[in-house]
Amino acid sequence: MPLLSFSLLSLFAPKLSRSFGLERMIFVGLILLILGMIVRFMPVNALLFVGTVLVGIGIALCNVLIPGFVKKTFPLRIGLFTSLYMTSMAVFATIASGMSVPLALNLGLGWNVSLFIWIVPAFLALILWLPQLQYKTKNQIKTVPTATKLWHSKLAWQVTAFMGLQSILFYSLITWLPELLMLNGFNATEAGFFLAWMQIFGIPATFIVPIIGARLYDQRKIVLILGVLYATGFLGLVFFNGSLFTTGFFYRTCWHCPRWRS
């Protein structure tokens with residue numbers, strides 16, 4: 001449901017930003033995100049789905065508009081500030097992946113409370129964004145191709161296909177890697193930590209790649225390297241079960257060691 005919200009709202013977010021301004025629509029996205037988390041917290045099954053849709057809409061607005069805000073605000077340092085905001089996203093996603101299950105199960109808070117806790121950083125983001133509301137920046141870039149030209153642009157379709165395929169890989173991992181690990185003998189807490197570790201290992205690349213990419217005229221070599229890393233990782237998941245993962249072996253050995261656990 002969040003991904004469907006992403007795909008639908010992503011079409012309208014640029015038009016909304018041109019009408020109301022980037023800053024205000026990002027603020028609206030944060031409001032919808034918080035509202036969805038509040039609605040989802042209520043112990044009614046139907047509201048769980050309604051809240052999830054609102055969360056997806058809020059994230060979609062922010063995901064689509066923040067890159068444009070970064071380019072508009074820091075036109076001479078796009079690579080650096082893109083890497084900063086992407087790294088911050090990766091860090092908090094890692095924390096959430098690693099802590100949600102222990103909060104729900106190990107501390108006995110339950111899933112409702114475990115998911116509701118993340119409203120705290122959402123409120124902080126909302127407060128920090130308030131000074132931006134005094135601005136109303138519209139898209140004033142005149143060199144962007146019209147919609148008609150984009151539909152007939154081979155490069156636009158190549159970028160669209162690339163982004164779609166890499167999204168399939170990422171969201172498949174986020175969704176199914178914990179399930180795969182649990183089928184191979186790991187419990188939910190361990191699977192959550194593995195998901196967090198996967199994102200931790202990606203943080204350096206998240207920070208460095210945008211900076212390097214902004215300095216290169218041709219970025220295909222970077223894409224090739226990342227593709228090889230993806231393929232190697234998936235081959236490892238296919239041909240080795242959970243007990244043979246190098247990190248899994250290390251983690252399980254340490255976790256079950258009495259001295260480590262004490």
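A nonpolar core is a set of buried Ala, Val, Leu, Ile, Met, Phe, Trp, Tyr and Cys residues that link up through side-chain atoms within 4.5 Å. Buried here means under 20% relative accessible area, exposed means over 50%, and partly exposed is what falls in between (1.4 Å probe, protein chains only). The model is predicted, so local features need pLDDT of at least 70 and side-chain atom pairs count only at pLDDT 80 or more, while totals for chains, interfaces and linings use all residues. Residues are numbered from 1 along each chain as its sequence is written, and side-chain values use heavy atoms, with hydrogens and water left out.

The largest nonpolar core holds 22 residues, and the ones touching the most other members are Ile26, Met37, Leu61, Leu65 and Trp129. At least two residues each come from helix H1 (2–20), helix H2 (22–41), helix H3 (45–73) and helix H6 (119–129); helices (H or I, at least four residues) are DSSP runs, numbered from the N terminus. H2 gives the largest share of this core, with 8 residues. Take Ile26: setting aside neighbours within four places in sequence, Ile26 is in contact (heavy atoms within 4.5 Å) with Cys62, Leu65, Ile66, Phe69 and Trp129. Another core, of 5 residues, lies apart from this one, and its members include Leu177, Phe186, Ala191 and Phe194.

Next comes H1. Its buried residues are Ser5, Phe6, Leu9, Ala13 and Ser17, and the buried residues of H1 pack against H2, H3 and helix H8 (154–183). Ser5 has a relative accessible area of 6%, which is why Ser5 counts as buried. Beyond its neighbours within four places in sequence, Ser5 is in contact with Ser10, Val53, Gly56, Ile57 and Ala60. H1 also has a kink of about 40° at Ser10, shortly before the proline Pro14; the bend at a residue is the angle between axes fitted to the seven residues ending there and the seven starting there. After H1 comes Gly21, with a positive phi near 100°.

Finally, the aromatic rings. There are 7 aromatic pairs in the structure; rings of Phe, Tyr and Trp (its six-membered ring) pair if their centres lie within 6.5 Å, and planes under 30 degrees apart count as stacked, over 60 as edge-to-face and the rest as tilted. One of these pairs, Phe74 with Phe81, is stacked, at 3.8 Å centre to centre and 5° between the planes. Phe74 is partly exposed because its relative accessibility is 29%, and Phe81 is partly exposed too, at 22% relative accessible area.
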